[in-house]
Amino acid sequence: MAKISFYGGWVDLKSLNKEDKKNYKLSMLFFLLGALCWGIHLSGTDIGLLATGNINDTSSTFTLIRISIVVLWIVAVIYYMKFYKTQDDLFKRYQEYTLSWGALSFIALGLLISLLSPYLAFSPSFYEFFLAFVIGSIIGGYRFH
């Protein structure tokens, strides 16, 4: 069973058996590769056109990167679910607790951001609201610990 360490911040890999460790590592690898592709997508730089500055965000390169994001994250979820199914109730409660705190923070901080945005000449996007979710998840993991 997974041991939650660093004040609810991550899973201690040494506490996992061989199969769970493999599934968890593969899940995180595929998620990281998908995040790398997402970063390229967000940066708006076409890999083959870095020096020219002439970027076509509907090019085949961007299409391939966008498809890669979806495929890599689907594979990551499949491996994570294999890992998750073998865990005990304490880990599953930890997961639910951190996600619920993330959702609560998404709503509370997101509401605050959207209400203050006209006064700060700031237009919030998905990423500010996602950051609110991440902050809430970190707080939830710490509180659960």
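A: Happy to! One term before we start: a contact here means heavy atoms within 4.5 Å. Please also keep in mind that this is a predicted model.

Let's look at I4, which sits in strand β1, spanning residues 3-5. Leaving aside residues up to four places away in sequence, I4 touches W10, F91, Y94, F144 and H145. Take F91 from that list: 87 residues separate I4 and F91 along the sequence, yet their C-alpha atoms are 7.7 Å apart in space. I4 counts as buried because its relative accessibility is 17%, and the cut-off for buried is under 20%.

Now let's step back to the whole protein. Buried residues make up 26% of its 145 residues. Among contacts with a separation of 6 or more, 61% join residues 24 or more positions apart. The accessible surface comes to about 9800 Å², and carbon and sulfur atoms account for 70% of that.

As for the fold, the protein has 4 helices and 2 strands, and from the N terminus on they follow the order β-β-α-α-α-α. Helix α1 (residues 18-43) packs against helix α2 (residues 60-85) at an angle of about 160°, and their axes are 8 Å apart. The angle is over 145 degrees, so α1 is roughly antiparallel to α2. Their crossing is left-handed. Sorted by class, the contact of α1 with α2 holds 20 nonpolar, 5 polar and 3 charged residues.

Definitions and conventions
Residues are numbered from 1 along each chain as its sequence is written. This is a predicted model: local features need pLDDT of at least 70, side-chain atom pairs count only at pLDDT 80 or more; totals for chains, interfaces and linings use all residues. Side-chain values use heavy atoms; hydrogens and water are left out. Buried means under 20% relative accessible area, exposed over 50%, partly exposed in between (1.4 Å probe, protein chains only). Axes are lines fitted to C-alpha atoms, for helices over the stretch in contact, and angles run from 0 to 180 degrees between N-to-C directions. Angles under 35 degrees count as roughly parallel, over 145 as roughly antiparallel, 65 to 115 as roughly perpendicular and the rest as oblique. A crossing is left-handed if the near helix is turned anticlockwise from the far one by less than a right angle, and right-handed if clockwise. Ala, Val, Leu, Ile, Met, Phe, Trp, Tyr, Cys and Pro count as nonpolar, Asp, Glu, Lys and Arg as charged, and the others, Gly among them, as polar. Accessible areas come from the Shrake-Rupley method with a 1.4 Å probe; for residues, only the protein chains shown count as cover.
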